[in-house]
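Some notes on this model follow, as numbered points. Please read them with the structure open.

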Amino acid sequence: MKGIVFTEFLELVEEKFGLEMVDHIISNSDLESNGIYTSVGTYSFSEMLQLLQHLSNKTDISIDNLLLVYAEHFFSVIEKSYPGLLATYKDPIEMISSIENHIHVEVRKIYPDAELPTFEIIEKAKDSLIMDYRSSRAMHHFGLGLMNKTFEHFNSTAEITLEKIKADGTHVRFVINKN
């Protein structure tokens with residue numbers, strides 16, 4: 001997992017819960033990196049799981065809800081760092097439906113060894129989208145949060161539901177209906 005995911009996560013934790021919480025979740029985890037991350041480094045996903053689990057335990061906030069909040073934070077990083085990418089699109093459905101064939105292509109140019117989830121378009125219309133998410137990391141709530149912020153970015157709203165195709169969350173279907 002790319003280091004930017006870790007550095008931004010710890011920044012969010014500090015912003016929302018304080019530096020003591022950052023210290024707590026790092027010191028209570030068994031991290032190969034010792035909790036020292038660079039945005040361009042690559043780290044084990046198990047480290048993110050440990051950090052999330054310790055934060056969830058300490059705050060009584062579910063990992064899914066923490067991932068939603070983190071995605072909102074991460075979207076602001078995308079807005080600041082890659083405004084040209086967002087400017088490519090005029091509509092949230094167009095942007096979300098291009099994750100696999102455009103956005104992830106651009107991410108791989110910056111981070112060639114990034115391990116990204118896959119998104120498959122099942123059905124697309126002007127105001128709706130059905131899309132399958134697959135990832136061994138089961139971070140679908142991170143994706144959901146990014147989708148929510150995408151609609152907000154375009155001053156639009158949508159009803160987004162997710163259906164777990166596999167109980168472990170490694171295959172999820174997103175059904176998006178623009179309001």
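1. Basis. The model is predicted: local features need pLDDT of at least 70, side-chain atom pairs count only at pLDDT 80 or more, and totals for chains, interfaces and linings use all residues. Numbering runs from 1 along each chain as its sequence is written, and side-chain values use heavy atoms, with hydrogens and water left out.

2. The largest pocket. Its space is about 940 Å³. A pocket is an open set of points on a 1 Å grid over the protein atoms alone, where a 1.4 Å probe fits, with protein on both sides within 12 Å along at least five of seven lines; lining residues have an atom within 4 Å of a point. Grid points are joined across faces, edges and corners, and the volume is the space filled by probe spheres set on them. The lining counts 34 residues; Phe 74, His 104, Val 107, Leu 116 and Leu 146 lie nearest the centre.

3. Which helix gives the most to that lining? H7 does, with six residues. Helices H1 (3–17), H4 (63–81), H5 (83–87), H6 (92–97), H7 (99–110) and H8 each supply at least two. Helices (H or I, at least four residues) and strands (E, at least two) are DSSP runs, numbered from the N terminus.

4. The sheet. Four strands form an open, antiparallel sheet in the order E1-E2-E4-E3. E1 (118–125) and E3 (158–164) are the edges; each has a single partner strand, so one side of each lacks a neighbour in the sheet. Pairing requires at least two DSSP bridges.

5. Strand E4 (residues 171–178) pairs with E3 over seven bridges. Thr 161 faces Val 175, and Glu 159 has Asn 177 as its bridge partner. Six residues separate E3 and E4 in a hairpin, where Gly 169 in the turn has a positive phi of about 80°. E2 and E4 also pair over seven bridges; here Met 131 stands opposite Phe 174.

6. Helix packing. The axes of H3 (residues 45–59) and H4 come within 9 Å and cross at roughly 110°. Axes are lines fitted to C-alpha atoms, for helices over the stretch in contact, with angles from 0 to 180 degrees between N-to-C directions. H3 and H4 are therefore roughly perpendicular (65 to 115 degrees). Leu 52, Gln 53, Leu 55 and Ser 56 in H3 meet Ile 63, Leu 66 and Leu 67 in H4 (contact: heavy atoms within 4.5 Å).

Terms used:
Angles under 35 degrees count as roughly parallel, over 145 as roughly antiparallel, 65 to 115 as roughly perpendicular and the rest as oblique.
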